[in-house]
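My notes follow in the order I took them.

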Amino acid sequence: MADEQRSDDLTTPDEPAPEGNARVTRMGSGSIPALIAEFAIPSIVGMLVNGAYNLISSIFLGQALGELGLATATAANPTMILFLALSMLVGMGGNALCALRLGEGKHDEAERVLGNTVTLGLMIWMVVLFIAWCPFTLDLLLTLSSVTPEVRPYAELFIRVLSTGFALQMVGMGVNNFIRTAGAPLRALLTMVIGAVSCTAFSFLFVMVLDWGVFGSGLATVCGQAISCASVLWYFIFTKKSPLKLRGRNLRPSVPVMTKILQLGLASFAVQVAASIVNVVTNYVLATYGAIHPMGAQNALASIGVVQRIAMFAVLPVIGVSAAIQPLLGFNYGARLIPRVRTTFLMGVATGMGLATFLWALIMLFPNQLVELFGITDTALRDFTVFALQVQVALLPLCGFQIVGSNYFQATGQPLKSTILSLSRQVIFLVPLLVIMPAVLPGMVPSLTGLDAVYFATPIADGLAILVTFVVVLRELGRLRKIERGEIQVVI
């Protein structure tokens with residue numbers, strides 16, 4: 001075809017194989033349980049593999065540097081979450097728009113979304129580089145994170161190493177979602193596993209063998225991201241059976257396309273930014289109440305670092321389910337196959353809640369063993385961390401519904417609802433509670449200190465967010481029935 005012969009294409013001129021197109025169209029006709037299993041299993045495994053790397057890298061730092069290594073990772077965590085937020089803003093938003101366009105039968109527009117997603121990611125990387133290497137902005141970030149003087153130089157080095165390779169994360173993580181939308185969930189899993197396994201191997205070499213400390217941990221992450229990024233680009237540039245191609249002409253910025261990507265990615269971005277804000281507030285509260293607690297501020301930061309990593313690992317399977325059903329929801333919603341949208345959503349909720357319940361049970365049964373993996377040997381610190389962990393994940397099973405429910409609105413082109421629901425759990429309810437609970441709860445329960453009370457904010461915020469999501473989802477199910485009957489028309 002003439003368009004495919006243009007010299008600025010990044011791909012070969014081969015037409016996608018018929019089986020490649022069939023991989024996409026089956027999302028609107030195949031068995032929903034079979035499709036969910038096919039898409040969800042690789043997505044969940046990929047999320048767990050990546051999450052395992054985050055846990056293992058923290059374990060390596062804890063084993064190599066003790067509480068100082070864990071405190072460094074905790075201090076850098078808000079910035080790392082911000083990096084993740086930016087990659088999800090572009091990747092999840094672009095992927096949602098791509099799935100909708102494929103469901104509408106607009107293949108060229110879907111490829112244009114893919115190209116603009118890559119370009120937008122590189123543009124954001126340049127902004128991140130400036131922020132991380134500008135002494136004023138980096139110092140501001142660390143100050144907001146309540147970094148202690150002992151930890152600050154280590155956190156600065158860690159963040160600068162990660163920011164330098166951030167372009168690799170933007171492409172490797174963000175564009176990887178498109179592979180799933182292209183109907184190749186196993187290939188999407190492979191690209192994630194390659195990166196995570198490489199990160200783990202490099203981390204062991206750099207941190208445990210060569211004793212490069214936090215620099216080695218950051219460098220290991222960048223090296224793994226480079227390998228993952230290369231495998232993702234290979235799929236869209238050189239794999240002939242891919243139904244989507246990365247073409248040079250589609251890298252040209254399109255303001256309308258980029259605007260829509262950002263709109264649809266706002267919910268995922270908001271979730272991660274909210275997590276970063278929560279980290280900042282939590283670190284401040286921990287530093288404040290930890291300083292007047294026998295445990296001390298540094299140990300308090302080390303403790304929350306462990307709790308956050310285990311809790312985040314526990315929700316990764318639910319996030320994996322949400323990511324897996326996103327292309328199925330988007331394609332069928334774009335094609336106006338409403339019964340399939342409804343069934344996919346409900347089955348996704350059931351799967352997410354089931355997985356969350358299983359991991360909740362593991363945490364409740366083996367909390368001491370999980371905490372000790374991070375090199376925490378002090379009995380008082382270990383007991384406090386176990387207590388904090390069990391309190392924080394108290395409503396984890398029901399959070400499966402809240403996470404999948406929020407993601408549904410992003411997948412179906414309703415970013416405002418998705419953003420509000422996501423923020424309800426992590427900002428609207430949680431941030432005020434983090435400030436209020438340490439001041440109020442010890443007066444109500446004298447056996448609890450202000451530091452103890454910090455962790456009770458999370459399950460209370462979870463409960464309120466779950467209730468709000470339940471109400472909004474009920475209204476949405478009614479709206480779907482009206483669309484199905486033709487009473488209302490939808491324009492995406």
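Entry 1. I began with Arg 101, which counts as buried at 13% relative accessibility. I note for the record that the model is predicted. The cut-off for buried is under 20% relative accessible area, so Arg 101 at 13% falls below it.

Entry 2. I looked up the partner of Arg 101 and found a salt bridge between its side chain and that of Glu 104, at 3.0 Å from N to O. Glu 104 is partly exposed, with 27% relative accessibility.

Entry 3. I asked how many salt bridges the model holds in total. The count comes to nine. I wrote up a few of them and left the rest.

Entry 4. I turned to helix 4, residues 107–133, where Arg 112 and Glu 109 sit three residues apart. That spacing separates Arg 112 and Glu 109 by about one helical turn. The two form a salt bridge, with the closest N and O atoms 3.9 Å apart. I checked the accessibility of both partners. Arg 112 is partly exposed, at a relative accessible area of 33%, and Glu 109 is partly exposed as well, at 30%.

Entry 5. I next looked up Glu 476 and found its side chain in a salt bridge with that of Lys 417, at 3.8 Å from N to O. Glu 476 belongs to helix 20 (residues 457–485) and Lys 417 to helix 17 (residues 415–428), so this pair ties together parts 59 residues apart in sequence.

Entry 6. I stayed with helix 20 and looked at its packing against helix 13, residues 338–365. The axes of helix 13 and helix 20 are 9 Å apart, and the angle between them is about 160 degrees.

Entry 7. Helix 13 contributes Ile 338, Pro 339, Val 341, Arg 342 and Phe 345. On the helix 20 side they meet Val 473, Leu 477, Leu 480, Arg 481, Ile 483 and Glu 484. I sorted the contact residues of helix 13 with helix 20 by type and got eight nonpolar, no polar and three charged.

Notes:
Residues numbered from 1 in each chain as written. Predicted model: local features only at pLDDT ≥ 70, side-chain atom pairs only at ≥ 80, totals over all residues. Heavy atoms only, no water. Salt bridge = Lys/Arg side-chain N within 4 Å of Asp/Glu carboxyl O. Buried < 20%, exposed > 50% of the residue type's maximum accessible area, 1.4 Å probe, protein only. Helix = DSSP H or I, 4+ residues; strand = E, 2+ residues; numbered from the N terminus. Axes fitted to C-alpha atoms, helices over the stretch in contact; angles between N-to-C directions. Contact = heavy atoms within 4.5 Å. Nonpolar A, V, L, I, M, F, W, Y, C, P; charged D, E, K, R; others polar.
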